[in-house]
Amino acid sequence: MTSLGEAVLDGAEATDLLTEDTPSRYVAAHLHRDDVSLFDGDADRDVSRSIRVGEVPMPELAPDEVLVAVMASAINYNTIWSAMFQPIPTFRFLEDLGKQGGWNGRHDQPHHVIGSDAAGVIVKTGSAVQSRSVGDRVVIAAVWLDGQDPAAQADGVLATSQRAWGFETNFGGLAHFAVVKASQCVPKPPHLSWEEAACNSLCLMTAYRMLVSPRAVQMKQGDVVLVWGATGGLGAYAVQLIRSGGGIAVGVVGSARKASALEKLGCDVIIRRDEIEADQPSEMEGARRIGKAIRREVGEDPHIVVDYTGCDTFGKSVFLCRRGGAVVTCGSSTGYSHNYDNRYLWMRLKRIVGSHGANAQECWEATRLLSLGRIVPTLSRVYPLAQVGEAARHVQSNEHIGKVGVLCLAPHEGMGIEDHDMRDRIGEDRLRVFRE
Ligand SMILES: NC(=O)c1ccc[n+]([C@@H]2O[C@H](COP(=O)([O-])OP(=O)(O)OC[C@H]3O[C@@H](n4cnc5c(N)ncnc54)[C@H](OP(=O)(O)O)[C@@H]3O)[C@@H](O)[C@H]2O)c1
């Protein structure tokens with residue numbers, strides 16, 4: 001443990017944190033360039049083999065950056081992609097960023113510190129940072145960009161400089177310290193513990209833009225919304241956003257255990273894909289069975305289908321969506337080449353909408369819903385940083401429910417809660433809805 005880390009854990013004031021030296025090395029979950037061929041010839045790219053935990057050098061802080069002492073982080077699917085070195089090794093992203101030179105040159109290292117979520121305390125600020133201060137308790141939005149990029153003024157995720165922090169950039173969140181742009185810092189909801197606060201941002205913010213933003217499908221009251229993987233990272237926030245916005249949530253899950261978790265989340269209609277798949281129907285027959293179940297329960301077809309599973313589901317999504325409806329997508333866990341019958345799209349005037357991350361305003365608004373208690377964390381399990389490989393493997397094997405957290409500097413769960421009254425108002429049962 002570094003002296004700076006210890007000072008944060010002791011609750012040091014900002015003035016004391018400012019007197020602490022920045023450590024020259026820190027503990028981080030990382031991939032190593034030497035390992036990119038580790039899985040050659042292996043059918044199972046077991047990410048617990050490629051993720052290392054150990055010391056890496058501390059980078060110098062750029063003027064628009066802050067150094068965050070990370071109390072907790074979480075596993076995202078992009079960490080699984082990185083650690084499988086698929087579809088391409090993420091070192092390629094770091095090389096490209098490094099070629100830009102200047103401060104971006106720091107990102108091209110033989111190690112890649114991974115992780116796109118974090119909650120912690122700002123301990124150092126770059127010379128140009130005005131809006132954030134040492135001592136601020138923050139959660140980190142993964143959208144990394146150059147604020148001087150003109151497109152960023154219209155919509156941050158349209159900026160060509162935009163990257164996913166900890167995936168397309170170095171110095172990510174699964175570590176004792178993280179280097180982020182000041183613009184990525186959003187105030188931590190005070191009623192949440194560090195691990196509860198750290199698990200939401202990437203998935204909640206992405207789901208918020210997909211469903212709520214006028215730049216994606218902007219769900220309205222009464223819309224029927226079909227969500228694949230409804231207890232997954234994105235899915236469980238999508239279900240909550242649909243319910244909170246007056247929509248009717250139809251969630252698809254792959255097991256009885258996940259169906260019972262989804263029931264606790266208040267999902268209106270629950271469909272078990274494992275039961276349908278047990279009969280090995282053709283793709284269209286499987287889709288028709290889901291469609292019939294939705295009509296039986298709600299009387300209508302979905303206005304919106306939320307799809308991030310990709311290859312295995314996309315044809316069904318395009319079919320199931322109602323005339324004039326939209327399929328919104330932000331990922332392809334089961335494969336990125338999608339097949340669908342285009343007749344269902346054009347003849348029935350449907351739309352496919354691509355969405356990615358969220359802009360800064362959307363990130364703040366999504367986090368505000370957490371602070372108000374309208375959305376709750378979907379944390380199911382928490383691992384220490386030393387076991388981050390097992391945590392990631394749990395997600396890679398699709399055994400997880402909701403989010404899997406990782407304690408970084410925080411020595412145990414339950415730390416960091418400031419607003420106990422708010423917690424009482426929301427209720428522990430809701431706040432721990434997916435806890436195992
Ligand atoms: N573009 C962005 O900004 C962005 C942000 C976040 C995530 N993503 C991407 O979105 C994808 C999902 O991320 P996540 O965090 O939600 O992952 P996740 O927690 O693993 O959830 C994915 C869900 O997909 C379901 N699933 C798996 N195989 C399936 C199949 N063959 N058919 C139907 N459903 C299947 C699983 O549910 P059941 O087994 O219960 O059906 C699982 O819960 C990833 O590819 C990730 O990279 C993109």
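Angles under 35 degrees count as roughly parallel, over 145 as roughly antiparallel, 65 to 115 as roughly perpendicular and the rest as oblique. This is a predicted model, so local features need pLDDT of at least 70 and side-chain atom pairs count only at pLDDT 80 or more, while totals for chains, interfaces and linings use all residues. Residues are numbered from 1 along each chain as its sequence is written, and side-chain values use heavy atoms, with hydrogens and water left out.

**View A. Helix α4 against helix α16.** Here α4 (residues 77-84) packs on α16 (residues 388-396) at about 105 degrees, with the axes 10 Å apart. The two are therefore roughly perpendicular to each other. Y77, I80 and M84 of α4 touch A392, V395 and Q396 of α16; contact means heavy atoms within 4.5 Å. Sorted by class, that's five nonpolar, one polar and no charged residues. (Ala, Val, Leu, Ile, Met, Phe, Trp, Tyr, Cys and Pro count as nonpolar, Asp, Glu, Lys and Arg as charged, and the others, Gly among them, as polar.) Helices (H or I, at least four residues) and strands (E, at least two) are DSSP runs, numbered from the N terminus. Axes are lines fitted to C-alpha atoms, for helices over the stretch in contact, and angles run from 0 to 180 degrees between N-to-C directions.

**View B. Helix α8 against helix α9.** Residues 201-212 (α8) and 233-244 (α9) pack at about 50 degrees, axes 8 Å apart. That makes α8 oblique to α9. Their crossing is right-handed, meaning the near helix is turned clockwise from the far one by less than a right angle. On the α8 side look for C203, L204, T206, A207, Y208 and L211, which meet G233, L234, Y237, A238, L241 and I242 of α9. The tally for this contact is 10 nonpolar, two polar and no charged residues.

**View C. Two backbone spots to check.** Most residues other than glycine have a negative phi, and most peptide bonds are trans. Q86 and P87 are joined by a cis peptide bond, omega about -5 degrees, and P87 sits in the loop between α4 and α5 (91-99). F171, a residue other than glycine, has a positive phi near 65 degrees; find F171 in the loop between β8 (163-164) and β9 (177-181).

**View D. Lining of the second largest pocket.** Its 23 lining residues include L145, G147, S183, Q184 and A360, which lie nearest the centre. Helices α6 (150-154) and α15 (360-371) each supply at least two lining residues. The lining of this pocket splits into 12 nonpolar, eight polar and three charged residues. A pocket, on a 1 Å grid over the protein atoms alone, is an open set of points where a 1.4 Å probe fits, with protein on both sides within 12 Å along at least five of seven lines; lining residues have an atom within 4 Å of a point.
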